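Subject: Structure handover, with notes on its pockets and cavities

Hi,

Here is the structure I promised to pass on to you. Please open it alongside this email, and I'll walk you through what turned up.

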Amino acid sequence: MLILNILILLIVPFLMIGVIKKTKAFWAGRKGVSLFQPIWDFVRLLKKDAVYSTTTSWVFKFAPIVGFASIIFAALFVPLANGQSIINIPFGFVIFAYILAFGKFFSLISALDTGSSFEGMGASREACFSTIVEPAFFITIASIAALTQVYTFHSFKHILNGTGIYGYLIVALAAVTLFIMLLIEGCRVPVDDPTTHLELTMIHEVMVLDNSGADFGFITWGAAIKMFLFEALIANLIIPLGLNDVWTIVAFLAIITLLSMLIGTIESSIARFRMTHVFEFIFIMTLTALLILALVTYRIYGN
């Protein structure tokens, strides 16, 4: 099962991006590329040499590997196909969050290392969004942990145990919170658009404009895995406790596919928000997190 989880972690993110592209092509009335096209794109990038500016230092060369390694390490704390994580320790979600933050820190200073005010602008926006997202994430996860008395991501499986209607509300709000975080951290519409190169609206894409070759390949692969991790967390919220391994894996992959189709549908149906409205959208995540905290508090201490 460990080998299966590793294969899912490394391969399914490519297929997830393929499903998103297929969904967008469907809504645009096109056939679209193959589901396996992201894999071929990654292999193509691996065959290319990276180009480095004389302005950059070792930070720029080191950042893609640090970023990718941090995402892989963070993935060890997330329950995958069989509902079990590779590393299951109390308060592992804190390590998960700060390992991802460590990788993001290197991506930010890598953008600044290029000496480009253009990339510095994107790094500034990315850092600003992260300061809003992180508290909402911790409020959500810590509230669920306090309710279930399980201090890992496995607490998601125990939300409905003896909580009645409150449990269902918490699951729904937590799914919304994590989905918004997925769109923000995955740099997707309506927060960011991975296909645009418009200077005034770019966030993540502008930070990696100077990366090329294998470096850019690992950046795109890491971004796909990060999105997959948040989809996996949502799947763990939805999949009920008590299913056998086979049905858990089937349900997990089905939910990952449906969430990817939802992302593609959102990107096909709405435009990217103006920068002034992006913050309003991000604060929805804060609102849902505070609602979860209120429900958990009432469930524990209410009459």
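What volume does the largest pocket have? The answer is about 1200 Å³. Please keep in mind throughout that this is a predicted model.

**The largest pocket**

The lining of the largest pocket is made up of 50 residues. If you want to find its centre on screen, look for E205, F216, I219, T220 and A223, which lie nearest to that point. Two or more lining residues come from each of α1 (2-27), α2 (37-46), α3 (58-75), α4 (92-113), α7 (204-207) and α8 (213-238). The largest share belongs to α8, with ten residues. Sorted by class, the lining of the largest pocket holds 25 nonpolar, 14 polar and eleven charged residues.

**The second largest pocket**

The second largest pocket holds about 270 Å³ of space. It is lined by 17 residues, with A97, A101, K104, S130 and E134 closest to its centre. Here the elements giving two or more residues are α4, α5 (117-148), α6 (165-185) and α8. The top contributor is α4, which gives seven residues. The lining of the second largest pocket divides into eleven nonpolar, two polar and four charged residues.

**A look at α3**

Where does α3 bend? The bend is at P64, by about 25°. Over its 18 residues, α3 spans 26 Å from first C-alpha to last, close to the 26 Å expected at 1.5 Å a residue. P64 is also among the buried residues of α3, a list that includes V59, F60, A63, V66 and G67. The buried residues of α3 pack against α1, α4 and α8.

**Cavities**

How many cavities of 30 Å³ or more does a search of the whole structure find? There are two. The largest cavity has about 40 Å³ of space, and its lining residues include F77, S85, I87, F93 and H154. That lining has five nonpolar and five polar residues, with no charged ones.

The second largest cavity has about 30 Å³ of space. Three of the lining residues of the second largest cavity come from α5, the largest share. By class, that lining has two nonpolar, one polar and three charged residues.

Definitions and conventions: Residues are numbered from 1 along each chain as its sequence is written. This is a predicted model: local features need pLDDT of at least 70, side-chain atom pairs count only at pLDDT 80 or more; totals for chains, interfaces and linings use all residues. Side-chain values use heavy atoms; hydrogens and water are left out. On a 1 Å grid over the protein atoms alone, a cavity is a set of points where a 1.4 Å probe fits but cannot get out, and a pocket is an open set with protein on both sides within 12 Å along at least five of seven lines; lining residues have an atom within 4 Å of a point. Grid points are joined across faces, edges and corners, and a volume is the space filled by probe spheres set on the points. Helices (H or I, at least four residues) and strands (E, at least two) are DSSP runs, numbered from the N terminus. Ala, Val, Leu, Ile, Met, Phe, Trp, Tyr, Cys and Pro count as nonpolar, Asp, Glu, Lys and Arg as charged, and the others, Gly among them, as polar. The expected span of a helix is 1.5 Å times one less than its number of residues. The bend at a residue is the angle between axes fitted to the seven residues ending there and the seven starting there. Buried means under 20% relative accessible area, exposed over 50%, partly exposed in between (1.4 Å probe, protein chains only). Contact means heavy atoms within 4.5 Å.
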